[in-house]
Amino acid sequence: MTDWHAPDDLVARYTDGSLPDSDAWSLEKHLESCTGCATRVSRAVAATATGAVLADVRQAVVGAAPTEQAHTAAAGDGLLAHARLWSSRHLVPPVADSRWARVLWAAGPAVRGAWLPAVLLVGIGAMALAYGADFAGARPLLLALAPVVPVAGVALSFGAHADPLHELTASTPSAGLRLVLTRTAVVLAVSLPLLTLAGLALPSYGGPGAAAWLLPGLALTLASLALGGWLGLRAATAVTGGGWLCAVLAPALSPPDGAVSAALTHQTSAYLGGAPAQGAWAAAAVVCAALLAARGTAYDRLERR
Amino acid sequence: MGGHREKDESDAALLRAVAAGDSAAMAALYDRHAGWLHVRLTRRCADPEVVREVLQDTFVTVWRSAEAHRGEEAGGWLWTIAARRMVDARRAQERAARLETTPIDETRTGYEPAAAMPSAEERVLAGLEYGDVGTALDRISPELREVLRATVVDGLTTRETARLLGIPEGTVKSRAMRARTELRAALAQLTPSPLGGPA
């Protein structure tokens, strides 16, 4: 830092303890940053009666490396240190690693749990129906079920019933609406592409396109979140998801003429097909988003049920 | 003992080697810093047994935390560890003393800055010799000075200072405040010019 170094007499007086406080303090500050002077003082001290104590402690300290308290822990630390060193040279920094792991962990109880297999089951089941069983109504069926999938994901994402750490989570500053939306985003990010791709892969016999369910899905999800502010998320998703299934599937499953697939196609066309229907879903989504924004503080309180 | 390393190897390089488990590097680091750390601890703690323990603890901690060293001055880094260890030792001592139901005043005298302090004449001479700040520091009472030393020189927090000195945190704060006022007054006496106050 500076060119100043401790003169020999200062070192000597510090070593024998006769240096007054004010000078000792400034020398001590200097020693913190000047290894040269530190070494000189240490050498001077080692030449005094204290040298014996220093040698004793030195032996204990150097011996503490491989033998003492935690041979295994030390070895483990060493391995870890090497791994960290290696990864810091060759990969992304380990801090980023753990941060991503934490984000993934926080983002989705639904994605960790039974919901993800359920999404896959819906997609794969539709494929199997279409190609394995030659069921013409596979795509309408998928379109009818698809909007419920993200709603179910949302139900499994937040609240005391879904998250074993809910009390802890709810007490963090980032809990509340922000966390709900984060988890919803994760659910949507997983389910939208998967189900839309599955829909595209299915043979079409007329009826709405594979992406027709996206707006209804979004609207139902937002409706669940908005309703959740009053009813609690679980009840809200039951209302919206159940309501949708009743409206779409119930008439189709008991058609007067027995043609289930034709009835399904008709139902999904009625609910999803065409610009007016899609426009109505978009409007519903906007209304629900506005409601959610107005009711968002409800998620800041701990759910009591 | 294999402690003879090249003189120009930097502390940071030694600490990296220590993190990898190199005993020779630890020995070299110890030879560079243990001496002055011992003196510095001795000036703050009268019991040589405690000083020895704290010094050993410090370097044993270095084995574990060398990896966490981020290139700051190694001397300052080592002192930070040593100072914290000293506070811990102080706390353990106090707990033991409480178990023995020793009156608190007695445990307080276990910390004796006076033990390493120079005589009165020496202080006056040093004040004349080394200038105003030294003289001013010597004019304030030992109680205030030990608070100044722990907080300003040793970089301890208010809470750590309180533990080290065995006084309540509020007392640490008020003493630090009084030390500043008294220092300022002493310096003003020494230097008649109104602008010659403390920096």
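Trainee: What does the accessible surface of chain B come to?
Mentor: About 10,100 Å², of which 55% belongs to carbon and sulfur atoms. The areas come from the Shrake-Rupley method with a 1.4 Å probe, and for residues only the protein chains shown count as cover. This is a predicted model, where local features need pLDDT of at least 70, side-chain atom pairs count only at pLDDT 80 or more, and totals for chains, interfaces and linings use all residues. Residues are numbered from 1 along each chain as its sequence is written, chains are lettered from A in the order in which they are written, and side-chain values use heavy atoms, without hydrogens and water.

Trainee: How many helices and strands are in chain B?
Mentor: Chain B has 10 helices and zero strands. Both are DSSP runs numbered from the N terminus: H or I of at least four residues for helices, E of at least two for strands.

Trainee: And what percentage of chain B is buried?
Mentor: Buried residues are 47% of its 199 residues. Buried means under 20% relative accessible area, exposed over 50%, and partly exposed in between, with a 1.4 Å probe and protein chains only.

Trainee: Where does the charged end of B:Arg40 sit?
Mentor: Over the ring of B:Trp79, 3.9 Å from the ring centre. The rule asks for NZ of Lys or CZ of Arg within 6 Å of the ring centre and within 35 degrees of the ring normal.

Trainee: Switching topic, how many aromatic pairs are there over all chains?
Mentor: Two. A:Trp244 and A:Trp281 have ring centres 5.6 Å apart and planes at 70°, so that pair is edge-to-face. Rings of Phe, Tyr and Trp (its six-membered ring) pair if their centres lie within 6.5 Å; planes under 30 degrees apart are stacked, over 60 edge-to-face, and the rest tilted.

Trainee: Which helices hold A:Trp244 and A:Trp281?
Mentor: A:Trp244 is in helix 14 of chain A and A:Trp281 in helix 16, 37 residues apart.

Trainee: Is A:Trp244 buried or exposed?
Mentor: Buried, at 5% relative accessible area. A:Trp281 also counts as buried, at 16%.

Trainee: What about A:Gln278, buried or exposed?
Mentor: A:Gln278 is in helix 16 of chain A, and at 18% relative accessibility it counts as buried.

Trainee: Which residues is A:Gln278 in contact with, leaving aside neighbours within four places in sequence?
Mentor: A:Ala212, A:Leu215, A:Pro216 and A:Leu272. Contact means heavy atoms within 4.5 Å.
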